[in-house]
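Keep the sequence and the 3D view open while you read.

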Amino acid sequence: MVAAFDDEQEVDKTLRAVLVDVLGLDAERVRGFNQGTPLFGALPEFDSMAVAGLLTELEERLGILIEDHEVDADMLETYGSLLTFARAKALR
């Protein structure tokens, strides 16, 4: 199901849900993530194998298309950088 996103908080809520569902992280822990919370390379659950699943789930839930050339280490580095990317794609 694709939702229409017109609210930054809804994108944030969706991203947090994807992190819980795809990576199996504790929901309380993810609620505490802030802009500077490190992700890729800092969370054992978020390895190179998990990236594809996470991005696929974001595409599905946000109704976006993420091109291969858009994915880089900087975008995955922190919660804030991933959220900024997701918002830019979903709120166009």
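## Loops, core and helix pairs

Not counting residues up to four places away in sequence, asparagine 34 touches Tyr79 and Gly80, where contact means heavy atoms within 4.5 Å. This is a predicted model, in which local features need pLDDT of at least 70 and side-chain atom pairs count only at pLDDT 80 or more, while totals for chains, interfaces and linings use all residues. Residues are numbered from 1 along each chain as its sequence is written, and side-chain values use heavy atoms, with hydrogens and water left out.

Let us stay with asparagine 34. Asparagine 34 and glycine 80 are 46 residues apart in sequence, and their C-alpha atoms are 6.7 Å apart in space. Asparagine 34 sits in the loop between helix H2 (27–31) and H3. Helices here are DSSP runs (H or I, at least four residues), numbered from the N terminus.

Threonine 78 is placed in the loop between H4 and H5, and leucine 65 in the loop between H3 and H4. Which of these residues are buried, and which are exposed? The table gives the answer for each, using relative accessible area: buried means under 20%, exposed over 50%, and partly exposed in between (1.4 Å probe, protein chains only).

| Residue | Relative accessible area | Class |
|---|---|---|
| Asparagine 34 | 46% | partly exposed |
| Threonine 78 | 19% | buried |
| Leucine 65 | 53% | exposed |

Setting aside neighbours within four places in sequence, threonine 78 is in contact with Gln35, Gly36, Thr37, Pro38 and Leu39. With residues up to four places away not counted, leucine 65 touches Glu59, Glu70 and Lys89. Leucine 65 and glutamine 35 are 30 residues apart in sequence and 23 Å apart in space, C-alpha to C-alpha.

Now look inside. In soluble globular proteins, nonpolar side chains tend to be buried together. A nonpolar core is a set of buried Ala, Val, Leu, Ile, Met, Phe, Trp, Tyr and Cys residues joined through side-chain atoms within 4.5 Å. The largest nonpolar core has 27 residues, of which Leu19, Phe33, Phe46, Leu58 and Leu82 touch the most other members. Helix H1 (8–23), helix H3 (48–62), helix H4 (73–77) and helix H5 (79–90) are the elements that give two or more residues to this core. Beyond its neighbours within four places in sequence, leucine 58 is in contact with Leu15, Val18, Gly63, Ile64, Ile66 and Leu82.

How do the helices pack? The axes of H1 and H5 come within 10 Å and cross at roughly 125 degrees. Axes are lines fitted to C-alpha atoms, for helices over the stretch in contact, and angles run from 0 to 180 degrees between N-to-C directions. H1 is therefore oblique to H5; angles under 35 degrees count as roughly parallel, over 145 as roughly antiparallel, 65 to 115 as roughly perpendicular and the rest as oblique. In this contact, residues of H1 including Glu8, Asp12 and Leu19 meet residues of H5 including Tyr79, Leu82 and Arg87.

H1 also pairs with H3. The axes of H1 and H3 come within 10 Å and cross at roughly 140 degrees, so these two helices are oblique to each other. Among the residues making the contact are Leu15, Val18 and Val22 of H1 and Leu54, Leu58 and Leu62 of H3.
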